[in-house]
Amino acid sequence: MRICCIGAGYVGGPTMAVMARKCPDVRVDVVDIDAARIAAWNGDCLPVFEPGLAEVVSEVREKNLFFSTDVDSCVRDADIVFISVNTPTKTYGYGAGRASDISFVESCARKIAEVSKGGKVVVEKSTLPVRTAEVIRSILAGSGMDFQVLSNPEFLAEGSAVRDLENPDRVLIGGDDASPGGRAAIDLLSSIYERWVDPSKIIKTNLWSSELSKLTANAFLAQRISSINAISALCEITGADVDEVARAVGSDSRIGSKFLKSSIGFGGSCFKKDLLNLVYLCEHFHLAEAAAYWRAVLDMNRYQKARFSRKVLDSLFGNIRSKRIAIFGFSFKENTNDTRESPAIDVCADFLNEHAHLAFYDPRVSPKQICAELGVDENDPRVEFCPSAEEAADGAYAIVLLTHWEEFVLLDYEKIYATMKKPAWIFDGRNCLDHRLLLEIGYNVCGIGKGNLS
Ligand code: NAD
Ligand code: UGA
């Protein structure tokens with residue numbers, strides 16, 4: 001059995017590494033048109049940082065896991081081809097700014113039709129608008145060979161990808177369950193996952209349910225964050241504490257405690273793009289009220305980020321021009337080097353508009369990447385990159401914590417306080433620090449949904 005995955009990104013790389021480890025008798029080829037990315041997967045410094053990933057890759061790479069740019073021959077020789085390419089928001093033409101750009105997926109389907117010598121099982125791993133499998137099917141049908149198209153969306157979260165892949169809440173497989181060929185394809189893919197996933201966790205549905213379930217899952221998760229963030233604004237005015245409210249509300253077993261952590265807003269490559277896609281689909285099918293409902297989740301997220309940067313500005317007397325501000329963390333969440341749609345981008349852009357001097361420290365994100373996200377030059381006098389959090393805070397008027405890296409929780413804030421300008425502020429955008437202790441040290445402290453702590 002040979003598997004080929006097109007797309008060696010945050011999903012393709014980790015997913016196939018775990019699959020190769022769990023199926024030592026299966027050869028897994030991960031291919032990409034990005035030669036630099038493939039070289040990195042074959043080198044010592046993997047392009048994706050995930051706890052535990054380097055160990056998995058080193059165990060199976062060059063045994064039954066191979067990274068290559070030879071798309072044609074790997075696709076041709078595979079029995080199962082996963083499509084795990086990016087599906088960003090369309091930036092041009094009809095549906096720009098909302099619809100998903102499925103051009104990369106379409107070119108994969110065309111490539112499979114072009115190079116294959118016989119039928120295969122083609123699996124959508126990318127997150128796609130509902131009914132994309134129809135597009136793939138009709139392209140493959142032109143080849144005259146017998147292809148089966150399945151939807152098998154990925155639910156891993158960055159920062160915990162290996163754990164999520166090894167022990168998923170569920171595996172979703174959508175296929176043409178009305179035909180014997182479709183059922184055989186579903187069973188084949190299921191048999192691979194059954195090597196390590198309990199069959200009771202493998203959900204089989206029709207294609208469209210599977211495609212739509214992925215968008216819905218992300219929309220629900222994002223909605224919970226926007227819901228608690230909306231409450232955080234109310235907490236700040238009324239003196240309620242958002243973490244206490246989340247705890248009280250989340251202990252209702254019908255609601256549950258996860259994804260109720262108030263923050264500066266959600267980031268990451270998918271929540272925004274998938275919500276936009278859902279909004280677009282609703283509008284396309286003339287469901288204006290449903291579209292408005294999901295759009296509000298995004299509006300709330302934008303509001304939360306803007307509210308936070310405004311709070312920093314107002315606290316520092318409405319003036320941060322030339323003031324040194326220490327930025328703790330830039331990735332969109334902890335334990336990843338991914339900065340796509342990180343809330344830090346909007347918050348820092350607001351500070352730069354005010355001509356602040358930003359001193360960055362993130363344990364995994366390079367200065368080059370931060371500059372690319374902010375559209376500034378590394379030599380821009382408004383930005384500085386520090387080798388440690390302590391050095392970023394040295395001489396700063398404020399610390400602005402944007403990512404919940406564990407090392408920020410463990411810092412010696414008493415020592416840091418002594419090196420800062422007074423009054424020294426901490427803006428905890430993740431509510432992860434001990435605010436009582438910080439107040440005792442002498443900081444002015446501002447969390448999310450915490451009322452006035454200074
Ligand atoms: P990514 O941008 O990290 O990786 C995609 C890769 O596909 C890139 O390396 C790109 O060069 C390659 N590619 C594009 N077109 C190609 C082609 N024609 N041939 C060969 N390679 C090609 O994207 P990602 O974060 O891995 O996401 C991939 C998909 O998975 C998206 O649809 C996303 O919504 C979904 N998803 C992502 C996550 C996540 O945590 N990042 C989780 C679940 C689902
Ligand atoms: C999310 C989903 O959790 C995955 O199931 C899904 O597969 C993936 O999107 C995807 O389709 O790409 P991810 O974006 O990697 O995963 O990370 P999350 O843990 O969901 O965090 C997203 C953002 O929400 C982060 O900025 C995080 O800090 C924020 N967040 C999360 C909160 O602000 N509060 C919370 O309670 C949880």
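Me: Where do Trp41 and Phe67 stand, buried or exposed?

Reply: Trp41 is buried, and Phe67 is buried too. Buried means a relative accessible area under 20%; exposed means over 50%, and partly exposed lies in between (1.4 Å probe, protein chains only). This is a predicted model, where local features need pLDDT of at least 70, side-chain atom pairs count only at pLDDT 80 or more, and totals for chains, interfaces and linings use all residues. Residues are numbered from 1 along each chain as its sequence is written, chains are lettered from A and ligands numbered from 1 in written order, and side-chain values use heavy atoms, without hydrogens and water.

Me: How many aromatic pairs does the structure hold?

Reply: There are 12. Rings of Phe, Tyr and Trp (its six-membered ring) pair if their centres lie within 6.5 Å; planes under 30 degrees apart count as stacked, over 60 as edge-to-face and the rest as tilted.

Me: Why is the pair of Trp41 and Phe67 called stacked?

Reply: The ring centres are 4.9 Å apart and the planes meet at 5°, so the pair counts as stacked. Trp41 belongs to helix H2 (residues 35-41) and Phe67 to strand S3 (residues 65-68). The two residues are 26 apart, and their pair links distant parts of the chain. Helices (H or I, at least four residues) and strands (E, at least two) are DSSP runs, numbered from the N terminus.

Me: Why is the pair of Tyr193 and Trp196 called tilted?

Reply: The centres are 5.5 Å apart, and the planes stand at 50°, so the pair is tilted.

Me: How do you know that Tyr193 and Trp196 are buried?

Reply: Look at the relative accessible areas. Tyr193 has 5%, so it is buried. Trp196 has 17%, so it is buried as well.

Me: Which residues do ring pairs link into a cluster?

Reply: Phe220, Tyr293 and Trp294.

Me: What makes Arg364 a charge over the face of Phe49?

Reply: Arg364 is 3.7 Å from the ring centre of Phe49. The rule asks for NZ of Lys or CZ of Arg within 6 Å of the ring centre and within 35 degrees of the ring normal. Lys422 also lies over a ring face, that of Tyr417, at 4.6 Å from the ring centre.

Me: What is the reach of helix H12 against the expected value?

Reply: H12 covers residues 288-315, 28 residues in all. From first C-alpha to last it reaches 40 Å, close to the expected 40 Å. The expected span is 1.5 Å times one less than the number of residues. Just after H12, Phe317 takes a positive phi of about 60°.

Me: How many residues surround ligand 2, and which are closest?

Reply: There are 20, and the closest are Phe155, Leu156, Ser263, Cys270 and Arg430. A residue counts if one of its heavy atoms lies within 4 Å. Helix H9 (residues 207-238) gives the largest share of this shell, 4 residues. A polar side-chain atom of Ser263 is 2.6 Å from an oxygen of ligand 2.

Technical notes: Polar contact = N/O pair within 3.5 Å; in protein donor to acceptor, adjacent residues only side chain to side chain.
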